[in-house]
Amino acid sequence: MSEIRIHGLLARFADTETLLLATRALRGAGYTHLDAYSPHPVQGLSEALAIEDHRVPVIALICAVLAGAATLALQVYASLDYPFNVGGKPVVSWPAYVIVTFAMSMVGATLGALLSMLLLNGFPKPYHPLFNIAEFSDASRDGFFLCLQSSDPRFDPQRGRALLEHQGALRVWEVPQ
């Protein structure tokens with residue numbers, strides 16, 4: 001008979017303080033593959049999880065520069081391809097292009113940030129192993145959860161369960177893959 005693979009251990013905590021303390025304790029114990037879920041933002045939780053991902057702002061900047069350059073290039077091309085003599089201005093008059101170029105740069109940055117955020121967060125995700133735990137639906141209402149993933153190099157189900165319970169977990173589930 002084959003061994004059942006697990007995604008990790010899911011622990012429920014009573015409030016944000018115990019969730020933060022448990023997250024810091026597990027990070028201090030050397031666990032690196034942790035994820036926390038709560039119905040509202042918890043101040044200090046991203047620092048406790050050591051989340052340092054700066055890809056979204058970089059992608060937004062790249063999209064803004066590309067959109068602005070493409071818009072400016074299109075306006076210059078249109079002016080050179082179909083020149084107008086308006087009040088003696090030069091054919092390529094850059095001050096007239098600033099407003100549209102800036103606006104399209106902002107559109108590019110917004111779309112880049114939105115799409116990269118969705119893709120990097122894994123959306124749309126119709127299935128996640130945590131959805132197998134019925135109580136996990138409380139994460140959007142009043143539950144505070146911490147998941148210790150089995151992909152962590154230090155993962156040991158018995159040791160992890162004991163550590164989570166020692167940190168004040170109300171309940172700990174083994175999450176099937």
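The largest pocket in this predicted model has a volume of about 830 Å³. Its lining is made up of 24 residues, and D35, I51, L120, N121 and G122 are the ones closest to the centre. Two or more lining residues come from each of three elements: strand β2 (34-37) and the helices α3 (55-81) and α4 (98-120). Sorted by class, the lining of this pocket comes out as 13 nonpolar residues, seven polar and four charged.

Next comes the second largest pocket, with about 200 Å³ of space. Here the lining consists of A78, S79, Y82, P83, F84, V86, K89, P90, V91, S93, A96 and Y97. Nine of these residues are nonpolar, two are polar and one is charged.

G160, L163 and L164 are the buried residues. They sit on the same side of α5 because the arc they cover around the axis is only 100 degrees. Over on the other side of the helix, Q158 and H166 are exposed, each with over 50% relative accessible area. As for what the buried residues of α5 pack against, the list takes in two strands that come up again below, β3 (144-149) and β4 (171-176), along with strand β1 (6-13) and helix α1 (16-28). Following α5 is G168, and its phi is positive, near 100 degrees.

Strand β1, one of the packing partners of α5, is itself well covered. Eight of its eight residues are buried, so the strand is largely enclosed by the rest of the structure.

The pairing of β1 can be followed to two other strands. With β4, β1 pairs in the antiparallel sense, and six bridges join the two.

Technical notes: Residues are numbered from 1 along each chain as its sequence is written. This is a predicted model: local features need pLDDT of at least 70, side-chain atom pairs count only at pLDDT 80 or more; totals for chains, interfaces and linings use all residues. Side-chain values use heavy atoms; hydrogens and water are left out. On a 1 Å grid over the protein atoms alone, a cavity is a set of points where a 1.4 Å probe fits but cannot get out, and a pocket is an open set with protein on both sides within 12 Å along at least five of seven lines; lining residues have an atom within 4 Å of a point. Grid points are joined across faces, edges and corners, and a volume is the space filled by probe spheres set on the points. Helices (H or I, at least four residues) and strands (E, at least two) are DSSP runs, numbered from the N terminus. Ala, Val, Leu, Ile, Met, Phe, Trp, Tyr, Cys and Pro count as nonpolar, Asp, Glu, Lys and Arg as charged, and the others, Gly among them, as polar. Buried means under 20% relative accessible area, exposed over 50%, partly exposed in between (1.4 Å probe, protein chains only). The arc is that of the directions from the helix axis to the C-beta atoms. Contact means heavy atoms within 4.5 Å. Two strands pair if DSSP finds at least two bridges between them.
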